[in-house]
Amino acid sequence: MSAALLAASALVLASCSGKGRISGVIEGAGDSEVVVALLNVNALENIDTLRTDSKGHYSVSMDVQKGCPEFVYLYRNGVRVAALLLENGARLRVESDTLGHFSVEGSREAELYASVENDYNAFLAKMDSLALEGDNAGLNRTYVDYYRGRLKFMAENPYSLANVPVLYQTLASGLPLFSRDTDAIYYTNVCDSLETVYPDSRYVKSLRKTARERGNLMNLNYRIRNAEQVAFPEISLPDLRGKEVKLSGVEGKLVMLYFWAMTPQMKMFNVDQLLPIYEEFHKKGLEIYSVALEADKTAWASVVRGQKLPWINVCDIRQEASPLLSLYNVTSLPYAFFIKDGAMMEVKVGNAEEIRKMLAQQL
């Protein structure tokens, strides 16, 4: 190999100790350029360009931190000719053709990852063929078989970093292979295993973030599917004792949802207007769910206790950043809504007298 080729092959990917080496041949490539790309969590970065000799041979070594294998990809004329998992101290031998078929020897991790990529490419090719034939039954069967095969692969190789790209595989349409809510369990299980072997790997750290996000989404969707159906956005906020109180759990023939802030005028309204209304209509079935938009919970609690407000009092410390304001289209404070028989009433009241008149009609 020429001195120029050797110099071009000396790559430094990170300021860390230890080398990994890749040597290979691209059948039919001749003297040509090969782009070396590194996976930076979720994006490829071209880090160097090599030249093969007249017979398509090349060689490259690079720094790879111990315990942090790297995903390395080789491209010729825009075609990926190798997908490699390179470990510290590994010496990989790669055979490729110009169409993207390849095999690798030299480490179990690299060989496992090569099988992952080759199986994935074969799967996509078969799905494309079945789609052209219009064989929907075949498409479904092939998808299910491949999905189960990936689960088997991960179960048989729980400590292989090759599991990470498996979890991010997509169909030709862009739909993730693991798209179901419950697939979040596999992200978590794989991550738990990999963290015992590769705790410092950036790929494992990124997978942990994804696992948390998928887990949170799974839990949210579960709560949505199993939640009681209500005709208004749910609110669940802490009361004076710090206990979460749900709006949907409030009992009463008529529930007044009341948004306010601790301005002098609104504090006076509580005592001078709202309290007499409550005392008059509570025995007839009125209940008030009062949401104070106040960051200082201690000051809010002091006001509520000092005014001896008898209805349900909760506090939203997010104030104007509260998503409840947009959910309920609250444009000014104070603001009141009324819920009857589990549904929001389409009524507008502008002052205490209008509230009293409406309650007299309804109760």
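**Ground rules.** I number residues from 1 along each chain as its sequence is written, and I use heavy atoms for side-chain values, leaving out hydrogens and water. Because the model is predicted, local features need pLDDT of at least 70 and side-chain atom pairs count only at pLDDT 80 or more, while totals for chains, interfaces and linings use all residues.

**Confidence.** I looked up pLDDT (the predictor's confidence in each residue, from 0 to 100) and found a mean of 88 for the protein chain, with 92% of its residues at 70 or more. Over residues 1–17 it stays under 50, and there the model has 32 contacts beyond four places in sequence; contact means heavy atoms within 4.5 Å.

**Cysteines.** How many disulfides does the whole structure hold? My search gave 0, taking a disulfide as a pair of cysteine sulfur atoms within 2.5 Å. For Cys191 the closest cysteine sulfur is in Cys68, 14 Å away, so that is too far for a bond. I also noted that Cys191 is buried at 0% relative accessible area (buried is under 20%, exposed over 50%, partly exposed in between, with a 1.4 Å probe and protein chains only). Cys315 is buried too, at 2%.

**Cores.** I then turned to nonpolar cores (buried Ala, Val, Leu, Ile, Met, Phe, Trp, Tyr and Cys residues joined through side-chain atoms within 4.5 Å). The largest has 58 residues, and Ile22 and Leu161 touch the most other members. Apart from this core lies another of 30 residues, including Phe269 and Ala336. Beyond four places in sequence, Leu161 is in contact with residues including Pro69, Phe71, Glu109 and Tyr198.
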